[in-house]
Amino acid sequence: MMSPFLAVTLVVASGLGFTLAACGGKQPTPAGNGSGDPPGVVSDTRTELERRRDAGCEKLEPRLVQCAVDDAKAELDAGRMSKKDYDLNTAPEIRAQLGKKWMEGCQVEMSSRQVRVLEVCFESETQCGPLLGCLEHLNAAPAK
C-alpha cells in the first residue's frame, strides 16, 4: 500500500509536464573539446538554470523521502497500515527508489520560475504538508 504523501509526491514529480531528454543527463565530452580542460577532464556543460534546478532537486530529495516515511508512520500509528506494510514501504531499497523517482521526475526542462519554486519551497517550508503544497506551484500557470 502506497502512502498518500508518497502518491502525491510522485504526482507532483511526474506532473511537471515535461519530457526527459532523449539522451538522459550530462554526457561526457571527448578530449580536446575546446573548453580549455586537459584531455580526460569532463567540463560541466549545464547551463546555470540547469545547475540550479539540479541543486534544488537534490536538496529536496531526502526531505521528500523522509516525508513519505513520516506519512507511512502516521498511517501505521492510526491503524490504517500494518506493521508489515510499513516495513515494506519504508525499507532502504524503497527509500532509494523513491529518491530516484523524484530525481527522474524533477530533472527535466524547467522554466526559471519553476526552478525558483524548487528553491523557495526548500528554503521556506520545513514541514511536509506545506512543502507539498508549495511544490504544487511547479505546475501552476505563471502569473500574467
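Predicted model: local features only at pLDDT ≥ 70, side-chain atom pairs only at ≥ 80, totals over all residues.
Two packed helices are described by the angle between their axes and the distance between the axes. Helix α2 covers residues 48-77 and helix α4 covers residues 92-106; their axes come within 9 Å and cross at roughly 145°. The crossing in which α2 passes α4 is right-handed. On the α2 side, the residues that meet α4 are Arg 53, Cys 57, Glu 58, Leu 60, Glu 61, Leu 64, Val 65, Gln 66, Ala 68 and Val 69. On the α4 side, the partners are Arg 95, Leu 98, Gly 99, Trp 102, Met 103 and Cys 106. Sorted by class, this contact of α2 with α4 is made up of 10 nonpolar, 2 polar and 4 charged residues.

Two of the residues in that contact, Cys 57 of α2 and Cys 106 of α4, are also bonded to each other. They form a disulfide, with sulfur atoms 1.9 Å apart. The link of Cys 57 and Cys 106 is left-handed, with -80° about the S-S bond. This pair links distant parts of the chain, as Cys 57 in helix α2 and Cys 106 in helix α4 are 49 residues apart. Both Cys 57 and Cys 106 are buried.

How many disulfides does the count come to? The count is 3 disulfides. Cys 67 has a relative accessibility of 3%, so it counts as buried. Cys 128 has a relative accessibility of 22%, so it counts as partly exposed.

The remaining link joins Cys 121 to Cys 134, with an S to S distance of 1.9 Å. The torsion about the S-S bond of Cys 121 and Cys 134 is about -90°, and therefore this disulfide is left-handed. The pair links distant parts of the chain, with Cys 121 in helix α5 and Cys 134 in helix α6, 13 residues apart. Cys 121 counts as buried because its relative accessibility is 0%. Cys 134 is buried too, with a relative accessible area of 13%. When the bonded cysteines of the chain are numbered in sequence order, the pairing reads 1-3, 2-5, 4-6.

Salt bridges are the next kind of link to follow. A search of the whole structure finds 10 of them, including the three described here.

Glu 119 forms a salt bridge with Arg 52, and the closest N and O atoms are 2.7 Å apart. The two residues belong to distant parts of the chain: Glu 119 is in helix α5 (residues 112-124), Arg 52 is in helix α2, and they are 67 residues apart. Arg 52 has a relative accessibility of 28%, which means that it counts as partly exposed.

Which residue does Lys 100 form a salt bridge with? The partner is Glu 104, and the closest N and O atoms are 4.0 Å apart. Lys 100 and Glu 104 both lie in helix α4, 4 residues apart, which is about one turn of the helix. Lys 100 has a relative accessibility of 54%, so it counts as exposed. Glu 104 is partly exposed, with a relative accessible area of 39%.

Some salt bridges share partners, and in this way Asp 44, Arg 46, Arg 53 and Asp 54 are joined into one network. Within this group, Asp 44 forms a salt bridge with Arg 46, the closest N and O atoms being 2.7 Å apart. Asp 44, at 33% relative accessibility, counts as partly exposed. Arg 46, at 25% relative accessibility, likewise counts as partly exposed. Arg 53, another member of the network, is also one of the α2 residues that meet α4.

Terms used:
Residues numbered from 1 in each chain as written. Heavy atoms only, no water. Axes fitted to C-alpha atoms, helices over the stretch in contact; angles between N-to-C directions. Left-handed = near helix turned anticlockwise from the far one by under 90°. Contact = heavy atoms within 4.5 Å. Nonpolar A, V, L, I, M, F, W, Y, C, P; charged D, E, K, R; others polar. Salt bridge = Lys/Arg side-chain N within 4 Å of Asp/Glu carboxyl O. Buried < 20%, exposed > 50% of the residue type's maximum accessible area, 1.4 Å probe, protein only. Disulfide = S-S within 2.5 Å.
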